[in-house]
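Trainee: I would like to learn how to read strands, sheets and a ligand site in a model. Please take me through one example.

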Amino acid sequence: MKIALRLFVLLITLAGGVYLGKVFFGRSTSIPAPMPNYFKASSSSADSSAMGAGVVTGRTFNIKPGQSIQEAVGKAKPGDLIRIFPGVYHETVYVDKDNISIQGVIDGGEWPVLDGEKKLNDAVLYSGNGVLVENLKITNYKGNGIMGQAGNNYIIRNNWIVGSGVYGIFPQFGKNGLVERNILTGIEDAAIYIGMCDNVDVRFNEVYGNVAGIEIENSRHALVEFNYAHNNTGGILAFLTPGLPIKTCADVIIRNNYVYNNNTKNFGAVGSTVSHIPKGTGVLVMAADDVTIENNIIFGNTNSGITITDYAFAGINHANDPDSDPYPDRLTLLDNFMDNNGTDPIDEVKVLKKATFAKPGLDIIAAGGGNGNCIVNPDRYITIGLSKYASCPPHDTHLVTSYMLDKPVRPRATTDLEKGKMTYYGVCSGCHSYNTRLIGPPVSVIQAMYKGNAKGIYDFITKPTHKRDDYPEMPPQNYLSEETRKAVADFILTVQK
Ligand code: HEC
């Protein structure tokens with residue numbers, strides 16, 4: 001298995017090298033993808049896996065309606081560009097290679113549309129590094145719009161994702177990424193979901209009519225800036241969620257955003273973390289550390305403008321994960337424009353308000369523990385629970401213009417164990433939990449059935465057969481590489497709680 005993996009990596013590297021050595025541009029009649037200026041450094045590098053997204057050094061494939069995007073991805077080599085012309089496509093695109101650019105062509109206002117027809121789970125899934133996805137309209141998928149797994153140096157921009165599943169844009173476990181100028185609506189969980197990532201900029205996006213607009217979860221060094229988050233249940237969130245393999249969420253700057261009227265009734269799946277978010281939540285920080293909230297306009301959110309909470313107040317049980325620190329520490333609340341928030345808070349907040357005889361309305365509530373937090377000019381706002389907050393020393397974040405890195409980073413070296421773990425938490429746990437029934441049967445039941453038989457699990461997930469009348473069919477997982485399927489089959493047998 002290790003040998004197969006090495007061989008695969010070698011092939012990818014060789015292929016990348018060969019194509020980098022040739023010049024294909026002259027042969028194409030199409031316009032090359034604009035090269036984003038974020039990554040200039042390494043187009044001359046022989047190591048294609050450390051190239052930035054959107055650097056096109058290879059061939060261009062032009063895909064028209066009736067043709068398959070996936071087929072082109074299958075033929076593509078690192079450095080190639082796949083252009084998708086206007087029209088409707090019903091497919092899931094899996095990108096398991098490095099440096100593939102997927103670019104919609106917008107022509108006279110016509111966009112390419114990926115339509116899952118409420119049958120397909122995901123529109124675009126990538127696990128390669130240096131992947132660019134831009135200019136697509138994505139609708140009617142049940143799971144993810146654009147999801148990445150362990151792909152570094154990604155760019156996801158200029159996409160519309162409308163009424164499409166549980167997560168809209170969901171880079172998971174990737175380093176050095178950019179999510180900008182996307183519009184997302186009608187997503188049941190988080191529209192933009194930065195999960196277990198490092199060094200990411202999320203900017204100039206509009207998110208509305210979702211349960212969670214933008215969620216930074218268990219990630220580090222995230223800049224969330226110039227976004228318009230309105231009419232969600234919760235606008236912008238920074239969460240440390242227990243039970244995940246990454247145990248910190250820290251160094252998040254939430255700056256220059258418009259966070260308006262996030263008063264949509266919560267329509268998240270029962271039991272999901274976001275189903276606990278009260279409607280009327282502007283910005284929500286749960287157990288994340290070193291979060292700076294600066295220069296936002298936070299207006300008309302009926303529960304509270306900014307909510308800062310530990311696990312206990314949020315009703316999150318973390319008994320199974322003692323490594324997750326339940327408290328939000330070292331928060332910096334700088335100047336923000338806040339008004340007309342907290343006009344109709346949830347009952348727990350009403351009780352707190354009564355106890356403090358506060359004026360009507362609520363801009364900021366800090367509930368539960370947390371240390372080293374500070375605020376500038378607290379008297380400007382209507383607040384609860386800030387008595388322990390110090391006055392911030394003179395400070396702003398203008399020196400941070402981006403959290404992306406100057407140069408693309410190398411791919412994450414993932415061991416089989418990490419791969420299995422990531423895939424379990426990233427893919428399987430959406431439908432399987434340890435001891436309760438979700439969409440699929442509990443993991444404890446699977447473990448009892450398949451004790452010592454990882455191969456049996458591998459075979460099943462590669463080509464599931466319908467077994468239980470009272471459950472839907474499980475979608476095949478054969479888009480995951482053989483190694484990944486083996487790794488997750490091993491891992492699911494070791495999951496405890
Ligand atoms: C979209 C939801 C979904 C996802 C994602 C999912 N499963 Fe399932 N899984 C199901 C459903 C539904 C069943 C029950 C199917 C049946 O009984 O016909 C099931 C059943 C199973 C079974 C039991 C097979 C048997 O012999 O009864 C195993 C093992 C399994 N899943 C493993 C996995 C693994 C590993 C992953 C992650 C790579 C995964 N599943 C991802 C929905 C899902």
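**Reading strands and a ligand shell**

Mentor: Strand 17 (residues 198–203) is largely enclosed by the rest of the structure, because five of its six residues are buried. Keep in mind that this is a predicted model.

Trainee: What cut-off makes a residue buried?

Mentor: A residue counts as buried if 20 or more other C-beta atoms lie within 10 Å of its own. Strand 23 (residues 250–255) is mostly covered by that test, with five of its six residues buried.

Trainee: Which strands does strand 17 run parallel to, and over how many bridges?

Mentor: Take one side at a time. Strand 14 (residues 175–180) is joined to strand 17 by five bridges, and the two run parallel. Strand 17 is in turn joined to strand 20 by five bridges, again in parallel.

Trainee: How many bridges join strand 20 to strand 23?

Mentor: Five bridges join strand 20 (residues 220–225) to strand 23, and the strands run parallel. Strand 23 also pairs with strand 26 (residues 289–294), in the parallel sense and over five bridges.

Trainee: Where do side chains point in a strand?

Mentor: In a regular strand they alternate between the two faces of the sheet.

Trainee: What is the order of strands in the open sheet of ten?

Mentor: The order is 3-6-9-12-15-18-21-24-27-30, with parallel pairing. Strand 3 (87–89) and strand 30 (337–339) are the edge strands, each pairing on one side only. From one strand to the next, the twist averages 10°. Inside this order, strand 24 (residues 258–260) and strand 27 (residues 297–299) pair over three bridges in the parallel sense. Tyr258 has Ile297 of strand 27 as its bridge partner.

Trainee: How many residues surround the ligand, and which are closest?

Mentor: The ligand is surrounded by 25 residues, the closest being Cys428, Cys431, Gly440, Arg468 and Met474. Helix 6 (443–449), helix 7 (454–462) and helix 8 (482–492) are the elements that give two or more residues to this shell. Helix 7 gives the most, with three residues.

Trainee: How do the residues of the shell divide by type?

Mentor: The shell around the ligand has 16 nonpolar, six polar and three charged residues.

Terms used:
Residues are numbered from 1 along each chain as its sequence is written. This is a predicted model: local features need pLDDT of at least 70, side-chain atom pairs count only at pLDDT 80 or more; totals for chains, interfaces and linings use all residues. Two strands pair if DSSP finds at least two bridges between them. Helices (H or I, at least four residues) and strands (E, at least two) are DSSP runs, numbered from the N terminus. Axes are lines fitted to C-alpha atoms, for helices over the stretch in contact, and angles run from 0 to 180 degrees between N-to-C directions. A residue is near a molecule or strand if its C-beta atom, placed from the backbone, lies within 6 Å of it. Ala, Val, Leu, Ile, Met, Phe, Trp, Tyr, Cys and Pro count as nonpolar, Asp, Glu, Lys and Arg as charged, and the others, Gly among them, as polar. A residue is buried if 20 or more other C-beta atoms lie within 10 Å of its own, exposed if 12 or fewer, and partly exposed in between; C-beta atoms are placed from the backbone.
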